[in-house]
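Please look over the sequence and the 3D structure shown here before reading on. The report below is meant to be read with both in view.

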Amino acid sequence: MALLQTSNKGTKNDFTGFLEAGIERVEDKSGQYDWADCWLDVHFKLKGSQYPQIHSIKGSFDKNPDGTIEVNRVVRQFNYLREAIGFDGGINTEGGWEMEDGSVVDNIESTLNQFINTMNGSDNPLLEPPHDFLIYVYREAPKKAGDKAYKRVLGKIVSNNNSGRADLESYVTYMKQKGYLKEASENDTPSTPAQPKDDMPF
């Protein structure tokens, strides 16, 4: 008779690469940092993993001479999220949050989490969210030899289907070719859970 296995002994899986994921919740940390016009932590639940993977959409806005906000990395990364989940709200030209109909969003954290709960079909934190999305997780190459390699989520989030995978694979290839995505080698030291400053342009 075969033994019932409770773990994959000897199998290495550091949960990097193209991964299926569900969204558990978001957390707004903007008020904790003076320099951050936006800081949203998106908590992903990876398929097959018991640990969450956090994607931080954070940074300052870029302003036009008239003071209005223009599209930069922060806006672009939030738009990747909103388009993937079908959320009708976003960042307006004044740097505030509003819905497409022009109504003001007073609390983006609670508004997004209510939307996510509806999307997932439950607000029970003990339930696994559906793995409706595909993300790319990688260890970033340290900027100096000997520094730790931090695990990060690439900013683009897509639907977990064939067209979404093709879109994300094309994006990863583009980011690597342009030198924006630099992955750590096997010799680099893995990081602790703390996250580095994000300076990726997309």
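## The chain as a whole

The structure is a predicted model, and its chain contains three helices and 12 strands. Of the 202 residues of the chain, 39% count as buried. The chain exposes about 12000 Å², and carbon and sulfur atoms supply 46% of that area.

Sequence separation gives another view of the fold: among the contacts between residues at least 6 apart in sequence, 56% join residues that are at least 24 apart.

Which residues of α3 are buried? They are Gly-164, Leu-168, Tyr-171, Val-172 and Met-175. Because these residues cover an arc of only 100 degrees around the axis, they lie on the same side of α3.

The face of α3 that is turned away from the buried side carries the exposed residues Asn-162, Ser-163 and Gln-177. After the helix comes Gly-179, which has a positive phi, near 80 degrees.

## Strand β8 and its neighbours

How does β8 pair with β1, in the parallel or the antiparallel sense? The two strands pair in the antiparallel sense, over five bridges, and within this pairing Phe-18 has Tyr-136 of β8 as its bridge partner.

β8 also runs antiparallel to β11, to which two bridges join it, and here Leu-134 stands opposite Val-158 of β11. A further antiparallel partner is strand β10 (residues 151-153), joined to β8 by three bridges, where Tyr-138 stands opposite Arg-152.

## His-43, a buried residue in β2

His-43 is found in strand β2, which covers residues 38-46. Is His-43 buried or exposed? Its relative accessibility is 7%, and because buried means under 20%, His-43 counts as buried.

The side chain of His-43 is joined to that of Glu-27 by a polar contact of 3.5 Å. When its neighbours within four places in sequence are left aside, His-43 is in contact with Gly-22, Ile-23, Glu-24, Arg-25 and Glu-27, and also with Gln-53 and Ile-54.

## Asp-28, a partly exposed residue in β1

Asp-28 has its place in strand β1, and with a relative accessible area of 27% this residue is partly exposed. A polar contact of 2.7 Å joins the side chain of Asp-28 to that of Ser-30.

Leaving aside neighbours within four places in sequence, Asp-28 is in contact with Trp-39, Leu-40, Ile-108 and Glu-109. How many residues separate Asp-28 and Ser-110 in sequence? They are 82 residues apart in sequence, while in space the distance between their C-alpha atoms is 9.1 Å.

Terms used
Residues numbered from 1 in each chain as written. Predicted model: local features only at pLDDT ≥ 70, side-chain atom pairs only at ≥ 80, totals over all residues. Heavy atoms only, no water. Buried < 20%, exposed > 50% of the residue type's maximum accessible area, 1.4 Å probe, protein only. Helix = DSSP H or I, 4+ residues; strand = E, 2+ residues; numbered from the N terminus. Arc of directions from axis to C-beta. Contact = heavy atoms within 4.5 Å. Areas by Shrake-Rupley, 256 points an atom, 1.4 Å probe, with all protein chains shown as cover. Polar contact = N/O pair within 3.5 Å; in protein donor to acceptor, adjacent residues only side chain to side chain. Pairing = 2+ DSSP bridges.
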